[in-house]
Amino acid sequence: MKQQLLRLAFEKYSHRTNYLAALVYFIDYMMLIPSDLQEQLYETLPIAQNKKEEEKIMGLEKLRDTPTFGKVYREIEEKAIRKGKEDAERKFVKNLQDRNYSEEEIAELTSLELEEVRKLQKSLENE
């Protein structure tokens, strides 16, 4: 029942983010379920499975602390942080490489293993 209500809320009110956030927040807290069922519910949510849907929840910051969407929100944030870190790392390695630093120097300056530096360099060559 909770899954159906959440799905309906997203289908009907995705264009009204404040209303959607309030409604989903209400549903999530009024229909508390055991943790094992909560995990099953989480796995069925389109937001947990679809990158486009992730963008919707990031606009619903009120949901950060709810039982169901808090987990989704944190996972999306962690993914974004990892991606940002990887992008910054790649850019830094590229800049060092463009300035003719050796692989060993790059490894020392970035605290990456030599093998990781080589992988990054190969991926930069393929771009």
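The buried residues of helix 8 pack against helix 6 (69-98) and helix 7, where contact means heavy atoms within 4.5 Å and helices are DSSP runs (H or I, at least four residues) numbered from the N terminus. The model is predicted, with local features needing pLDDT of at least 70, side-chain atom pairs counting only at pLDDT 80 or more, and totals for chains, interfaces and linings using all residues. Residues are numbered from 1 along each chain as its sequence is written, and side-chain values use heavy atoms, with hydrogens and water left out.

Helix 8 (residues 114-125) has 12 residues and spans 17 Å from its first C-alpha to its last, close to the 16 Å expected at 1.5 Å a residue, the expected span being 1.5 Å times one less than the number of residues. Its buried residues (under 20% relative accessible area, with exposed meaning over 50% and partly exposed in between; 1.4 Å probe, protein chains only) are Val117, Leu120, Gln121 and Leu124. Seen down the axis of helix 8, these residues fall within an arc of 100 degrees, so they line one face of the helix; the arc is that of the directions from the helix axis to the C-beta atoms. The face turned away from this buried side carries the exposed residues Lys119 and Lys122.

The protein has 8 helices and 0 strands, and 28% of its 127 residues count as buried. The average pLDDT, the predictor's confidence in each residue from 0 to 100, is 82 for the protein.

| Element | Mean pLDDT |
|---|---|
| Helix 4 (residues 46-49) | 57 (lowest) |
| Helix 7 (residues 103-110) | 91 (highest) |

Definitions and conventions:
Helices (H or I, at least four residues) and strands (E, at least two) are DSSP runs, numbered from the N terminus.
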